[in-house]
Amino acid sequence: MTNETLASTTIRILRQPFVMKIGYDLHGLTVTGMRYLMVAKAIEDGKIECRIESSIKPKSDDELAPDTSIVAQYRASENAMIFPRENYGLFSGSEERTIFHEATHAIFDVFAKSLDDRTLGIEDEAAAVLAEAHYVRLSPKPAGNFAMWIDGPQDKALKLVDKMMAETGDFERNKRTYFLQPPQTKELRDAVAQDWHFVKFIDAQGRPTDSTGVQYIYDGVVKCYSCWVHGH
Ligand SMILES: [Zn+2]
């Protein structure tokens with residue numbers, strides 16, 4: 001069951017006018033303001049749920065780097081955004097950003113090309129962190145603790161969005177979708193790989209493990225996309 005408070009918080013965040021300035025393509029993953037509006041509509045229509053779970057389990061034991069934990073999650077198989085409590089995102093800019101991050105994964109589910117649409121985890125998370133960096137730059141709220149680790153993914157994402165804004169006149173002069181090239185995203189992807197553990201490592205059982213190619217699976221949120229969009 002969706003939590004109405006969480007759902008309305010999320011919808012409000014996604015419908016802020018500045019979100020419409022966002023438009024980029026990271027190696028085939030397309031993130032635009034219009035697509036966030038589709039996620040908001042999917043939440044409003046009950047196609048995507050916003051749920052509370054007090055402790056959110058990672059998808060696998062080795063999913064994250066040591067000493068990191070999960071505060072929120074988008075679960076494609078359940079079409080659900082999971083948050084730790086009902087007032088999440090109401091009072092904190094950093095929680096708003098996290099909601100925006102999860103909504104970016106929801107975009108990829110809403111726009112899944114099939115029932116088994118696969119994306120490379122590194123690129124998927126890089127796209128979501130880059131979305132957060134856009135949020136920091138475009139939202140009037142203070143950035144809070146974003147990018148507090150030098151050379152972390154957030155720091156790299158912020159530097160990248162600053163370059164994009166410089167080139168496009170803060171997305172005002174050039175409103176076209178910004179197509180990112182692999183050399184531009186390399187540092188961000190490398191930093192994401194470290195934080196999300198998309199690396200080679202020795203697992204808890206002492207086995208050498210290669211998570212560099214981990215894929216996310218999106219199965220879509222509606223059976224008939226055009227019926228849903230056109231309201232029948
Ligand atoms: Zn994520």
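# A quick tour: helices and core

Helix 3 runs for 18 residues, and from its first C-alpha to its last it reaches 25 Å, close to the 26 Å expected at 1.5 Å a residue. Bear in mind that this is a predicted model. Helix 3 is also mostly covered, with 15 of its 18 residues buried.

**The nonpolar core**

- The largest nonpolar core has 56 residues, and V39 and L130 are the ones that touch the most other members.
- Helix 4, residues 121–138, gives this core its largest share, at 10 residues.
- If you skip the neighbours within four places in sequence, L130 is in contact with Y24, L26, A157, L160, V161 and L188.

**Helix 4 against helix 5**

- Two packed helices are described by the angle between their axes and the distance between the axes.
- For helix 4 and helix 5 (residues 153–168), that angle is about 60°, and the axes are 8 Å apart.
- The crossing of helix 4 past helix 5 is right-handed.
- On the helix 4 side, the residues that meet helix 5 are V129, L130, E132, A133, H134, V136 and R137.
- Their partners in helix 5 are P153, Q154, A157, L158, L160, V161 and M165.
- Sorted by class, this contact of helix 4 with helix 5 is made of 10 nonpolar, two polar and two charged residues.

- Helix 2 covers residues 33–44, so at 1.5 Å a residue its 12 residues should span 16 Å; the end C-alpha atoms are 17 Å apart, which agrees.
- Its buried residues are R35, Y36, M38, V39, A40, A42 and I43.
- The buried residues of helix 2 pack against helix 1, strand 2 (29–32), strand 3 (49–52) and helix 3 (93–110).
- After helix 2 comes G46, which has a positive phi, near 75°.

**The start of the chain**

- M1 sits in the segment before helix 1, which spans 4–14.
- M1 counts as exposed because it has 8 C-beta neighbours inside 10 Å, and 12 or fewer is the cut-off for that label.
- Along the chain M1 and I52 are 51 residues apart, while their C-alpha atoms are separated by 9.3 Å.

Note on methods. Residues numbered from 1 in each chain as written. Predicted model: local features only at pLDDT ≥ 70, side-chain atom pairs only at ≥ 80, totals over all residues. Core = buried A, V, L, I, M, F, W, Y, C linked by C-beta atoms within 7 Å. Buried ≥ 20, exposed ≤ 12 C-beta atoms within 10 Å, placed from the backbone. Helix = DSSP H or I, 4+ residues; strand = E, 2+ residues; numbered from the N terminus. Contact = placed C-beta atoms within 7 Å. Axes fitted to C-alpha atoms, helices over the stretch in contact; angles between N-to-C directions. Left-handed = near helix turned anticlockwise from the far one by under 90°. Nonpolar A, V, L, I, M, F, W, Y, C, P; charged D, E, K, R; others polar. Expected span 1.5 Å × (residues − 1).
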